[in-house]
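Me: I have a model open and want to talk it through. Can you take me over it, starting with how far to trust it?

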Amino acid sequence: MILGTTGDQLAYLALRALAIVCLYAFIVWVVRVALRDLAALSEQTPARPAEQPTRLVVIDGGESSLVIGHDWALVNPTTIGRRAGNTIPIDDPFLSGEHARITAEGGQWWVRDLGSTNGTLLNGVPVAAATAIEPGDIVQFGRIRMQALSDPSGAGNPPH
């Protein structure tokens, strides 16, 4: 396009400015609609706390007298071992007197091995430091395997 007069140049400049203003107005409109929709979405789906395990259920009693399906409610702290003073006392030759501890910290349950001889595993992995437990996880103390489950009703056997 060849511009011959100053009037043509001014009209061309005005059209360019109008196009830029329209583009910016469209961008602002898109951002406002997106923010409004995000705000509406966040109001519709309130944040729900993550489910946490509330009990341990025996799935393999090893060489102990534990019955498969027996469960204990988790309390803070829960201790597992051969000694009678533990929250979950289990007479098993592969457990130490104080084998492991489960504690609630920061809204999460954590398992710690207490220097036991035969170790503590979480989903088949040795527990070397405090490790988070999630519902469905398998916790193994020596040869005894338990599954961490959530139970909204709070039902289950009381700790022994």
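Me: What is the mean pLDDT of the protein?
Reply: The mean is 86, and 86% of the residues reach 70 or more; pLDDT is the predictor's confidence in each residue, from 0 to 100. This is a predicted model, where local features need pLDDT of at least 70, side-chain atom pairs count only at pLDDT 80 or more, and totals for chains, interfaces and linings use all residues. Residues are numbered from 1 along each chain as its sequence is written, and side-chain values use heavy atoms, with hydrogens and water left out.

Me: Where is the pLDDT below 50?
Reply: Over residues 154–160. That stretch has 18 contacts in the model beyond near neighbours in sequence, a contact being heavy atoms within 4.5 Å. Where pLDDT is low, the predicted coordinates should not be read in detail.

Me: Which strands form the open sheet?
Reply: Five of them, in the order E4-E3-E5-E6-E9, with mixed pairing. Two strands pair if DSSP finds at least two bridges between them.

Me: Why is one side of E4 and of E9 left without a neighbour?
Reply: Strand E4 (88–89) and strand E9 (131–133) stand at the edges, so each has a single partner strand.

Me: And E3, what does it pair with?
Reply: E3 pairs with E5 in the antiparallel sense over three bridges, and two bridges join E3 to E4, which run parallel. Ile80 stands opposite Ala100 in E5 and opposite Ile88 in E4.

Me: Are the faces of E3 covered or open?
Reply: Both are covered: Thr78 and Ile80 on one side, Thr79 and Gly81 on the other, all buried. Buried means under 20% relative accessible area, exposed over 50%, partly exposed in between (1.4 Å probe, protein chains only).

Me: How many bridges join E5 to E6?
Reply: Six, between residues 100–105 and residues 108–113, running antiparallel. Gln108 in E6 is the bridge partner of Glu105.

Me: Switching to the helix. Where is Trp29, and is it buried or exposed?
Reply: Trp29 is in helix H1 (residues 6–44), and Trp29 is exposed, with a relative accessible area of 52%.

Me: What share of the protein is buried?
Reply: Buried residues make up 28% of the 160 residues.

Conventions: Helices (H or I, at least four residues) and strands (E, at least two) are DSSP runs, numbered from the N terminus.
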